[in-house]
Amino acid sequence: MFDVIVRGGTVVDGSGAPGFQGDVAVKDGKIAAVGQVSGEARQVIDASGRVVAPGFIDPHTHFDVQLLWDGAAKPALEHGVTCVVPGNCSLSLAPLKAADRRAVVGMFQQIEEMPPEAFTTAFEWTWEDFAGYRAAIEKGLSINVAPLVGHSVIRLWVMGPAAQERAATPGEIAAMQDLLRECLDAGAVGLSTSFVDLDEHGRPVPSRYAQAEELDALAAVLGEYGRMLQVVPEFYATDITIARIDQLADLSIRHNIPTTFSPLFDTLAVPDNAERAIARVEEQFARGARVWPQMQTRPIDISFSLLRPSLFFARLPRWVRILRQPLDQRLAALRDPETREKMLADLGPDGGEAMFGRLIARGGDACPRALVGKTLSQIAKDRGQPAGLALIELSLENGLDVAFLSAGQGHQVTDRIGPMLAHPLVHIGASDGGAHLASFSTYGDTGYLFSEFVRKAGAMSLEKAVAKITSETADIWGLKDRGRLQPGLAADIVVFDAATIDREDELPVFDMPGDGMRYTRAARGVDTVLVNGAVAYSGGAYTDAKSGVVCV
Amino acid sequence: MPESALDEAVIVGAEIVAGHDGTAELVVRLLHPDGSEHPVLLDEDTGLKLMEACGASSLEDLYGQSWRRIVPDA
Amino acid sequence: MAELSRQRRFVTPGPGETVEQLAARAMPDQPLESAVDRIKSWNLHVFAMRRPPGLMLGSDVIFVEPPVTHA
């Protein structure tokens, strides 16, 4: 008697091999059989007409805080993600002395845009060491977690405030090595560091003060465990990215460790950026290094309001001049009929329809709820105004605090990005799940992979796409028990409709502690998600299953 | 590589890009005296300050400006 | 071991190193003022960004030559 049989689906087993009609049987949280399975089960899931695949693995998230009250890392799990890697970009919630909590909370608020209530009302802060944090999240996991430990918090633990002032002494570096060993023993799957992030005071985060010798010493410890080093490099700066690739390659070869940098973006402003970086990665792999560039699937959007000056208007000289004025003068100018007339004249005969019509009104601020998600073109039509005037008046009516989104302004050309995502040395990831909460949604990149790059563009087969976000990710990260539908491995399974799997539109929701807002995207086309053999999501709803584990 | 007639690096291109955090950022292209070029990404604040320092009201106004305009204390 | 293509040379700053010290280290044959100017103009990712002016960090990549032209 099996616990579960997922019957009659197209089994895409994560290896990249062609899908086949078959069943997947589960017992004791593991995959027990794959193929034509006879026998009975306590629960049978009908997967006819659906794909049955290994659960997806998201290798770049910031769910560290959210996992303390939401063990499903919603909405990641409903998108078919069964394992997340938090602790990226040098920040984790352990090891962290009680006295240093305030400093790290500030960094998390800066980078993740997490409301302050998340740290004061949503959980009891009981731990200082990594084992304690692990125990705190393990109480309620519905999703699996493969946590990184952050270089910045390791530095802070050892050096205190000096972590953001100076290089470490040899004694301090040795103490960091010991602390990293302790974290790896307690379940960390690697170390993250950052070369770009700032804290809430605009100061570089502690990891950026490290000399090369310090990172080398920590990489040596990773080498003892064969674990991952993750870095976040400078963006759109190809020469720097290549320098970072070379630094990582040297560490990889010297200490025999995998390394990854995220994100790598494509941009038409620097058209050879990703291409040159990938070429360097190829050269370094040929030398024996492992330097995995993480590339996200989703395009990057620009959002802005008239509350703050934005470079979005950089091609409109008069608009730039007006919006750069102090608030009271800006308001007066925007209300002045003569000035408005000139501003509208700058937009051309269509009144700004071509330039602004596709902007989307966003919620989560002063924007009237009824307008959230509508295009400025629709709003303008309803108001009987040209788009440019609607932009100004709607903003004025709401204290300028109406955010607009200009979708797909970077990393947006499918024909360029598809072949890169399919490249054997490009690691699909960099979702940033759980971060940038008040700016944009970081969920549903896997759905977008299938809808945009498999179905629409044909950049890769369904089987290849599944392999990219399951077995290949597990192999890169050394997650030996995950990523394939293979007897003996963990029964992380997603059942989805290949014809419809996608991400829904971005919407504001108020489900953060203290009714805090974040942007999310629901899943489309995902029927059922099993985590370690238990159904965690089915028919559009989360179950009570708490079968997630810290996996290594 | 052809030498240019420049004494110092100047801006020869400017374009708005979508920043990693959803803001509009500025990529400027610098031409160096030895004829080489490279892009520099400026965050929104730095980009706006550059436009202000140059008295620029459009991206094209940045063309020909010295790299020193980008660095506050240079 | 496979050979790497030529890329732009860079160094990382030593502990507490100033731009003047780094420029003198990287370009000992150049007059200091000119060397500092060059270092700054090649490294706007460091010298233009939000941070106390002039602060260099141990993890920074500092280029010590202009960009290499790629065909």
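Good morning. Chain A of this predicted model contains 18 helices and 25 strands, where helices (H or I, at least four residues) and strands (E, at least two) are DSSP runs numbered from the N terminus. Its radius of gyration, taken over C-alpha atoms, is 24 Å, close to the 24 Å that the globule rule (2.2 Å times the number of residues to the power 0.38) gives for 552 residues, so chain A is as compact as a globular protein of that length. The C-alpha trace spans about 75 × 60 × 50 Å along its principal axes.

A word on conventions. Residues are numbered from 1 along each chain as its sequence is written, and chains are lettered from A in the order in which they are written. Local features need pLDDT of at least 70, and side-chain atom pairs count only at pLDDT 80 or more, whereas totals for chains, interfaces and linings use all residues; side-chain values use heavy atoms, without hydrogens and water.

Turning to burial, 64% of the 552 residues of chain A count as buried, that is, under 20% relative accessible area with a 1.4 Å probe, protein chains only.

Finally, one sheet. It is open, with three strands in the order β14-β16-β15 (chain A) and antiparallel pairing; strands pair if DSSP finds at least two bridges between them. β14 (300-304) and β15 (360-361) of chain A stand at the edges, each with a single partner strand, so one side of each has no neighbour in the sheet. Four bridges join β14(A) to the antiparallel β16 (residues 404-410) of chain A, and S303(A) stands opposite L405(A) in β16(A).

Definitions and conventions:
Buried < 20%, exposed > 50% of the residue type's maximum accessible area, 1.4 Å probe, protein only.
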